[in-house]
Amino acid sequence: MVKLSQDEKKALIDLANEARRRAYVPYSNYPVGAALRTKSGRIFTGVNVENASYPQTMCAERVAIFKAVSEGELEFEVIAVVTNNGGSPCGGCRQVMAEFGLDTVVLFGNGKGELVKESTVNELLPEAFTPKHLVVDK
Ligand code: THU
């Protein structure tokens, strides 16, 4: 698991909080921002993008992860997630995080830009179903 300084954590929370302003949330009015840092040091942000057909909404974390993967990045160190109230990543996003590694650090931030909780994917999704479960012994 990556060791992060307070400055590094704060920088990611700030980026996620800034991205949050671009959240498209006409239905929930609950903007979420994410900032994902890859092992190669690139940073991808994401916001939640809602839809008039509600289930088509996409969470901020997954937008950030899919942006990274679509740019060829598959190894992540840390993802910061910022909501007004320090809310927790949903189960679907935890599963998508788990696909790319259980050691990824997850930082929770609030609307004031404060770090309210720090965890890992492994802690957030114990007993995760991961790619290794699809490898069948012959
Ligand atoms: N949302 C996220 O973006 N990430 C999460 O982990 C939890 C929920 C979004 C989806 C929807 O646009 C709004 O928050 C309210 O559920």
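The largest pocket holds about 170 Å³ of space, a volume being the space filled by probe spheres set on grid points joined across faces, edges and corners. A pocket here is an open set of points, on a 1 Å grid over the protein atoms alone, where a 1.4 Å probe fits, with protein on both sides within 12 Å along at least five of seven lines; lining residues have an atom within 4 Å of a point. This is a predicted model, in which local features need pLDDT of at least 70 and side-chain atom pairs count only at pLDDT 80 or more, while totals for chains, interfaces and linings use all residues. Residues are numbered from 1 along each chain as its sequence is written, and side-chain values use heavy atoms, with hydrogens and water left out.

**Pocket and ligand**

- The lining of the largest pocket comprises 16 residues, and Tyr30, Val32, Asn48, Cys59 and Glu61 lie nearest the centre.
- By type, that lining has eight nonpolar, six polar and two charged residues (nonpolar: Ala, Val, Leu, Ile, Met, Phe, Trp, Tyr, Cys and Pro; charged: Asp, Glu, Lys and Arg; polar: the others, Gly among them).
- Residues around the ligand include Ser28, Glu50, Thr57, Pro89 and Cys90 (a heavy atom within 4 Å).
- Asn48 places a polar side-chain atom 2.9 Å from a ligand oxygen atom, and Glu61 places one 2.6 Å from a ligand oxygen atom.
- Ala60 uses a backbone N or O atom, 3.0 Å from an oxygen atom of the ligand.

**Helix α3**

- Helix α3 spans residues 91-99, and its buried residues are Cys93, Arg94, Val96, Met97 and Ala98 (buried is under 20% relative accessible area, exposed over 50%, partly exposed in between, with a 1.4 Å probe and protein chains only).
- These buried residues pack against α2 (60-70), β3 (76-82), β4 (105-109) and α4 (121-124) (helices are DSSP runs of H or I, at least four residues, and strands of E, at least two, numbered from the N terminus).
- Gly101 follows α3 and has a positive phi, near 135 degrees.

**Two single residues**

- Thr120 belongs to strand β5, residues 115-120, and is buried because its relative accessible area is 6%.
- Beyond four places in sequence, Thr120 is in contact with Met1, Leu102, Asp103, Thr104, Val105 and Val106 (heavy atoms within 4.5 Å).
- Val49 sits in the loop between β2 (43-47) and α2; with a relative accessible area of 38%, Val49 is partly exposed.
- Not counting residues up to four places away in sequence, Val49 touches Tyr24, Gln56, Thr57 and Met58.

Key: A polar contact is a pair of N or O atoms within 3.5 Å; within protein, one must be able to donate a hydrogen and the other to accept it, and residues adjacent in sequence count only if both atoms are side-chain atoms.
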